[in-house]
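Please look at the chain below and follow its strands and charged side chains through the fold.

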Amino acid sequence: TIKGASGRISQVDKVLVMVDISHHDRNFSTEATAVAVDRTGREMYDVKVVPGKIKTTVTIVRQLGTNDFPVKANMSGKLPDGVTIKSVKITPESVRLTAEPKVLGGIREILTAPIVLNNITSDVELKMPLQIPDQVLADQHSVIVEITLQKGTEQQDGKASGNQNQ
């Protein structure tokens, strides 16, 4: 209930309670003073709110951050003799993660699940799941990894293998 001059009551936009949350990190309840304010948010000291103290429950929501992180192919094992990796293409190259800022601050890159090289003898395209840390939301959970191989006798970057004169 609000009490005051009828002309002033008609100017009340809402009743607010101001609660200091600066020393709280969990939900809490408190008593707060109720205040009438006009459309511009100015307190109307000449309008009385009854009751003047209101029991208020405050729900604390943790702030989340979002950022893009590069994806890196997690290679393990060894290619057969005479075969090397010519190129690795990851699509998409990055993943968007959402988490608490302190969690995001500890992340530099996101790895794919391990790609075992031992039995790869030709170019491959693999759909690989990502290793997303706990307490982190990701906009996607897998990527396409294209691995292009090179046999020992092929040329690399336009140069023949073997000794080069400098």
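In this predicted model, the count of salt bridges comes to four. Side chains of opposite charge can pair when their charged atoms come close. The table lists three of these pairs, with the distance between nitrogen and oxygen.

| Salt bridge | N to O distance |
|---|---|
| D46 and R8 | 2.7 Å |
| R96 and D68 | 2.8 Å |
| D81 and K78 | 3.2 Å |

## Charged pairs

In the salt bridge between D46 and R8, the closest N and O atoms are 2.7 Å apart. D46 lies in the loop between β3 (28-37) and β4 (48-49), while R8 belongs to helix α1 (residues 6-9), so this pair ties together parts of the chain that are 38 residues apart in sequence. Are these two residues buried, partly exposed or exposed? D46 has a relative accessibility of 44% and therefore counts as partly exposed, and R8, at 29%, also counts as partly exposed.

The side chains of R96 and D68 meet in another salt bridge, at 2.8 Å from N to O. This pair links distant parts of the chain, since R96 sits in strand β9 and D68 in strand β6, 28 residues apart. With a relative accessibility of 41%, R96 counts as partly exposed, and D68 counts as partly exposed at 38%.

For D81 and K78, which form a salt bridge with their closest N and O atoms 3.2 Å apart, the surroundings can be described briefly: both residues are exposed.

Which strands pair with β14? Strand β8 (residues 83-91) pairs with strand β14 (residues 142-151) in the antiparallel sense over eight bridges, and strand β12 (residues 124-129) is joined to β14 by six bridges, again in an antiparallel arrangement. I144 in β14 shows how these pairings come together at one residue, for T91 stands opposite I144, and K127 stands opposite I144 as well.

## A buried loop residue

N74 is found in the loop between β6 and β7 (75-76). Why does N74 count as buried? Its relative accessibility is 19%, and because buried means under 20%, N74 falls within that class. Leaving aside residues up to four places away in sequence, N74 touches L111, T112, A113, P114, I115 and Q131.

## Confidence of the prediction

Over the chain, pLDDT averages 87, and 92% of the residues score at least 70. Among the elements of the chain, helix α2 (residues 101-104) has the lowest mean pLDDT, 89, whereas β10 has the highest, 97.

How values were computed:
Residues are numbered from 1 along each chain as its sequence is written. This is a predicted model: local features need pLDDT of at least 70, side-chain atom pairs count only at pLDDT 80 or more; totals for chains, interfaces and linings use all residues. Side-chain values use heavy atoms; hydrogens and water are left out. Helices (H or I, at least four residues) and strands (E, at least two) are DSSP runs, numbered from the N terminus. Buried means under 20% relative accessible area, exposed over 50%, partly exposed in between (1.4 Å probe, protein chains only). Contact means heavy atoms within 4.5 Å. pLDDT is the predictor's confidence in each residue, from 0 to 100. Two strands pair if DSSP finds at least two bridges between them.
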